[in-house]
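Look at the sequence and the model side by side. Keep both open as you read.

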Amino acid sequence: MILRRVLIANRGEIALRIIRTCRRLGIEAVLAASDADLDSIPARLADRVVRLGPAPPSASYLDVDAVLTAAKTAGADAIHPGYGFLSENQRLARACTEAGIVFIGPTVEQLASVGDKLEARRHAVAAGLPVVPGGALEDTADAARLAAEIGFPLLIKAVGGGGGRGMKQVHDPADLSATVDLAVAEAGAAFGDPRVYLERFVATGRHVEVQLIADGENVVHLGTRDCSVQRRYQKLIEEAPAPALDPALREEMHRAAVALGKHLEYRGLGTVEFLVDVDRGTFYFLEMNARIQVEHPVTEAITGLDLVAEQLAVAEGRSLSFGQADVSFTGHAIECRINAEDWARDFQPSPGTVTEAVWPLGDGIRIDTHLQAGASVPPYYDSLLAKLIVHGRDRADALARLRAALARCAVDGVSTNIPLHQEVLAEAEFAEGGVDTAWFTRFLRDHPAGGSRG
């Protein structure tokens, strides 16, 4: 099926990113926008805008019926859900199929296979991937026995959680029972699913993921990304390829990700996330994200591919136009997430009106943003304002370009985390490469008043 009109059920920079590729491919881009976004830059640049509903996400971007109605109203051939919101929602994917509309993403069955963490873990094991020692908690009274098998410290994870939500560390066996009860109660309230499972807590780990593109038969990996700089499990800086990684381990991760894609007969963009156990020199499967991700531009930078275009091609039912041997990697890319938040006030969100927005230009610099002077940053959504991506001939070159580019960013009217990124880049340990997921916590401990400088 040739796509002629795509409804974009998202907002912000990813909506603009999808509009850009649709325009290049001659596909009409219709934006489904909430009342808070009807005057946004994506709304002005889309070929057409359909009102989705009131500003709160529950009444607009998370409302399956509203999104489907918008697509039908617009006469769209397909819905691109972007990331977040309904991007991995099985009900929307199923409703699209029933309505004869293409859901730009994997099949309902594949979403089900990786959307449930226990099910994803089962498929990973079946595909031969190593998983973090642990298991499902069938009965809370059995937690002590399972914990004894895994060993302390451990993590209690909500099956329905994600993005760091629904996770609790347990270091002392005496705290296990009460923490399990709390985790079950919170999981039920937050995700509508009280199931939890236990995993070994890896103290010195790195978050490394492998990007996949697949057409249901052919699966190609597009290399690694390192996303270890995180605050409360939310990524702040990503880079490709993952630095300071043993070449043999990297190849093993590539093979493992492709094996899972083939096992699932996967179709579309997907990312297999791994935890690299630095102490043991091995890696474990964490989860698979069945959508485009925030950090996709660093992979685009080193491969030269337009991942949204590839996603659209697969959605049209076409086979991949390239194989693994055709993919080459050039240089090094780093992305900083620029958020409207105040580092000096415990990263408090900073909604408001932007009075100035100046972004750097230059060779190897890319800005993905929906922001300009006069734009409103509403309080209802994620605080991501922009992504600054640099591409250099190697990591040292990329770091130098990133430092210079950050110095030329100027956003007024709302607080941003640009000063935080500048201080992170000034750290010798980060510059060396290969920091673990606990590094940023140590950085904040050593820079308690850093936000006041912004």
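Predicted model: local features only at pLDDT ≥ 70, side-chain atom pairs only at ≥ 80, totals over all residues.

Residues are numbered from 1 along each chain as its sequence is written, and side-chain values use heavy atoms, with hydrogens and water left out.

**Helix 8**

Start with helix 8, residues 176–191. Helices (H or I, at least four residues) and strands (E, at least two) are DSSP runs, numbered from the N terminus. The expected span of a helix is 1.5 Å times one less than its number of residues.

Which residues of helix 8 are buried? They are Leu 176, Thr 179, Val 180, Ala 183 and Ala 187. They sit on the same side of helix 8, because they cover an arc of only 100° around the axis. The arc is that of the directions from the helix axis to the C-beta atoms. Buried means under 20% relative accessible area, exposed means over 50%, and partly exposed is in between (1.4 Å probe, protein chains only). Ser 177, Ala 178 and Ala 189 are exposed, on the face turned away from the buried side.

The buried residues of helix 8 pack against helix 7 (143–150), strand 7 (154–162), strand 8 (165–170) and strand 9 (196–200). Contact means heavy atoms within 4.5 Å. Just after helix 8 comes Gly 192, with a positive phi of about 70°.

**Helix 4**

Helix 4 (90–99) has buried residues too: Leu 92, Ala 93, Ala 95 and Cys 96. Seen down the axis, the buried residues of helix 4 fall within an arc of 165°, so they line one face. Thr 97 and Glu 98 are exposed on the face turned away from that buried side. The cover over the buried residues includes helix 3 (64–74), strand 4, strand 5 (102–103) and helix 5 (108–115).

**A buried phenylalanine**

Phe 285 lies in strand 14, residues 282–289. Is Phe 285 buried or exposed? Phe 285 is buried, with a relative accessible area of 3%. Phe 285 and Leu 129 are 156 residues apart in sequence, and their C-alpha atoms are 6.5 Å apart in space. Leaving aside neighbours within four places in sequence, the contacts of Phe 285 include Ala 120, Leu 129, Val 131, Leu 260 and Phe 274.

**Backbone details**

Most residues other than glycine have a negative phi, and most peptide bonds are trans. The table lists exceptions.

| Site | Feature | Value |
|---|---|---|
| Phe 152 to Pro 153 | cis peptide bond | omega near 0° |
| Ala 240 to Pro 241 | cis peptide bond | omega near -5° |
| Phe 85 | positive phi | phi near 40° |
| Ala 244 | positive phi | phi of about 50° |

Where do these sites lie? Pro 153 is in the loop between helix 7 and strand 7. Pro 241 is in the loop between strand 12 (234–240) and helix 9 (247–264). Ala 244 also lies in the loop between strand 12 and helix 9. Ala 244 is exposed, with a relative accessible area of 58%. Phe 85 is found in the loop between strand 4 (78–80) and helix 4. Phe 85 is partly exposed, at 28%.

**Cavities and a pocket**

On a 1 Å grid over the protein atoms alone, a cavity is a set of points where a 1.4 Å probe fits but cannot get out, and a pocket is an open set with protein on both sides within 12 Å along at least five of seven lines; lining residues have an atom within 4 Å of a point. Grid points are joined across faces, edges and corners, and a volume is the space filled by probe spheres set on the points.

How many cavities of 30 Å³ or more does the structure hold? There are three. The largest cavity has about 60 Å³ of space. Its lining includes Arg 11, His 370, Ser 376 and Asp 382. Strand 21 (376–377) and strand 22 (384–392) are the elements that give two or more residues to this lining.

The second largest pocket has a volume of about 240 Å³. Of its 20 lining residues, the closest to the centre are Asp 39, Ser 40, Ile 41, Ala 375 and Ser 376. Helix 2 (residues 41–45) gives the most to this lining, with three residues.
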